[in-house]
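Please read the points below with the model open beside you.

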Amino acid sequence: MIRLFKILTVSSLFYFSNAFAVLEIEITQGADNAMPIAILPFDSQVTGVIRNDLKNSGKFRLVETADPEAWRSQKVEGVVTGQIKELGGGQLQVTFKLLDVYSKNKLEKEFTVKTEQLRKLAHHISDMIYQQLTGDRGIFSTKIAYILVSERHGRHAKYKFQVADSDGYNPHTLLVSNFPLMSPAWSPDGRKIAYVSFEGNRAAIYVQDIATGSRRVISKFPGINGAPAWSPDGRKIALVLTQTGYPKIYILDVATSRLERITDDWYADTEPSWSPDGKSLIFTSDRGGIGSPQIYRIDIESKQVERITYSGSYNARAAYTSNGKAIVMLHKDGNMFSIAEQDLQSGRITVLTQFGLNESPSVAPNGKMIVYATNHNGRGMLAEVSIDGRVKLLLPAGDGAVQEPAWSPFIN
Amino acid sequence: MKIVMGDYTYKAGFVFAVMLHVALVIFLFIKFTASRPMALKSASTFINATIINEAVTLQPAVVKPQSVLAKPQIKQQVKDALQKKLLVEQYREMAELKKNIAKNKQQQKMQKLLQEQAKAEQKELADEQAAASAQSQGEVDKYAVMIKQAISSQWIKPDGVDDSAFVLLSITVAPGGVVLNVQVSSNSGNAALDRSAQAAVSKASPLPVPEDPVLFDRFRVIKLKFSPQGIVER
């Protein structure tokens, strides 16, 4: 009987293995590679910008060949071609095509632009290519705001409020001041910037419209008015005031100017930053020990505070990444200050910049890059690092020391 | 084991039974020739006791015409002869029966042996097949791992894909491993994940497949599931 049973099972196994003969393979691990793409030149300015954008994202490897056979052998996934035609009257017609080699998808667009808009168009094309091939929204059309401090032969320093393309090029000066400018913060729609100005040697928070240049004071209380941060819906601004003597976090309703105190204790709380859902704030506080600031989270509704960072003697200037799963901050372990990312679920810290004097990290709206200020050969410069720490770039900036860069949201 | 044991007991019992019968018959025979009246008496009781129905019905049929003779002596003689005849007949029948039974037993045994043999052969065959299939399954697994590696190394996994997302591809492979067709049989809802999977398969072509045509049959159509759970270590 047992024998018979065995025979039966053996033959039934046979039966089943034959019936389900289609092989199934599960693939969960991918290669940690940059994607090979080929960009065939059609206009030196346009292709130059696109090449630079895609290469600096760390997601792509440019393959320098126009030979389709070489594309195959080098596993090229995307081929970008294009054409540019003068229409007269300073108008240009630009067509571009992305051939997605393996999915046989094609992306084909035609634009009519003025000569001075070519760079902007090139960034836009980079965004489209990036999105098509990686699935993430590109940040090449976004902007970076920063303060440029220039010393002039013993005279007073000049503070310039600059807004540049995400690659550091094409800077525009929004404001020039003889007084310190600090803490630029983009509104979620990318149309306004809040910042701190010490005009008349008094700190005040201003909101300035980027397109028109018009501005207004939103906070000018005695003492510190600092570290403005827009809520995700753009209706509120979190800020730091010293109305009670100690720096505390407040939330200001932009429309009604109603002020609400959020933290209330004997410690110094500063640098508020909103969670993506707008329900809580993370901030820097010395409540865990004087001289050892750490990051805390406060629920706006319940005012319940929880400590987030435990690793390192100094953690400050934290901001959420776009998906809310991690924070990026200034982190000190031992004697070194670095830009670090902390996964909120595991608490694991990844140090992204190992060397140099780095400060003021600001996360790109797609969460893939971080811009920060760094000291390079004794000069404050703009730098970027990818969220995985693999790509680091120094960006061009004007004459002077770069301070407090802020990455804009997506701008439509 | 059980069957073999049962076989032995069966055999022993059979031999014992046959011997017992033979001994009984010899005993009876000797008794009959030794003393007739007793034998007659005992034979008659013997007949009454164990005679087969046929013999019983036969007896009156034979006796009746002879009883017409109506002579006591003749009657007795006839009766004796008859009894003797019957006895011989009975013996013959019994022998026949035993023979039949023995034959039957033999046949059964033969049948059983044949069955056993068939079973054994069947099992051997199944074992062989299982061994062969285990071997070929091992080969299939080996190539499946190689294919998995080849595709994984070409897969540039998009960031930020949900842990639960997956795409199913059905690919057609030609002998030699060239991928003829890549079809999305169930998309992930994430276009970047779908395209990255398709690209990975095409980039990995030709895939490592077995040269043996029988084995290769398993690789003509392959279902691939891409689910970005694996964390890529730098």
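1. In helix 4 of chain A, the buried residues are Leu121(A), Ala122(A), His123(A), His124(A), Ile125(A), Ser126(A), Asp127(A), Ile129(A), Tyr130(A), Leu133(A) and Thr134(A), where buried means that 20 or more other C-beta atoms, placed from the backbone, lie within 10 Å of the residue's own. Helices (H or I, at least four residues) and strands (E, at least two) are DSSP runs, numbered from the N terminus. Helix 4, residues 118–134, has 17 residues and reaches 24 Å from its first C-alpha to its last, close to the 24 Å expected at 1.5 Å a residue, the expected span being 1.5 Å times one less than the number of residues. Helix 4 of chain A is followed by Gly135(A), whose phi is positive, near 85°.

2. This is a predicted model, in which local features need pLDDT of at least 70 and side-chain atom pairs count only at pLDDT 80 or more, while totals for chains, interfaces and linings use all residues. Residues are numbered from 1 along each chain as its sequence is written, and chains are lettered from A and ligands numbered from 1 in the order in which they are written.

3. Strand 19 (residues 280–285) and strand 20 (residues 294–299) of chain A pair in the antiparallel sense over six bridges, pairing being defined by at least two DSSP bridges between two strands. Ser280(A) has Asp299(A) in strand 20 as its bridge partner. Strand 20 is also joined, by three bridges, to strand 21 (residues 305–307) of chain A, and these two run antiparallel, with Arg297(A) opposite Glu306(A). Strands 20 and 21 form a hairpin with five residues between them, and in its turn Lys303(A) has a positive phi of about 65°.

4. Chain B has six helices and three strands, in the order α-α-α-α-β-β-α-α-β along the sequence. Of its 234 residues, 18% count as buried.

5. The contact between the chains takes 30 residues from chain A and 44 residues from chain B, two residues being in contact if their C-beta atoms, placed from the backbone, lie within 7 Å. On the side of chain A that touches chain B, helix 1 (2–19) and strand 1 (23–27) are the elements that give two or more residues, and helix 1 gives the largest share, six residues.

6. What joins strand 1 of chain A to strand 3 of chain B? Five bridges do, and the two strands, the latter covering residues 221–226, run parallel; Glu24(A) has Lys223(B) as its bridge partner.

Technical notes:
A residue is buried if 20 or more other C-beta atoms lie within 10 Å of its own, exposed if 12 or fewer, and partly exposed in between; C-beta atoms are placed from the backbone.
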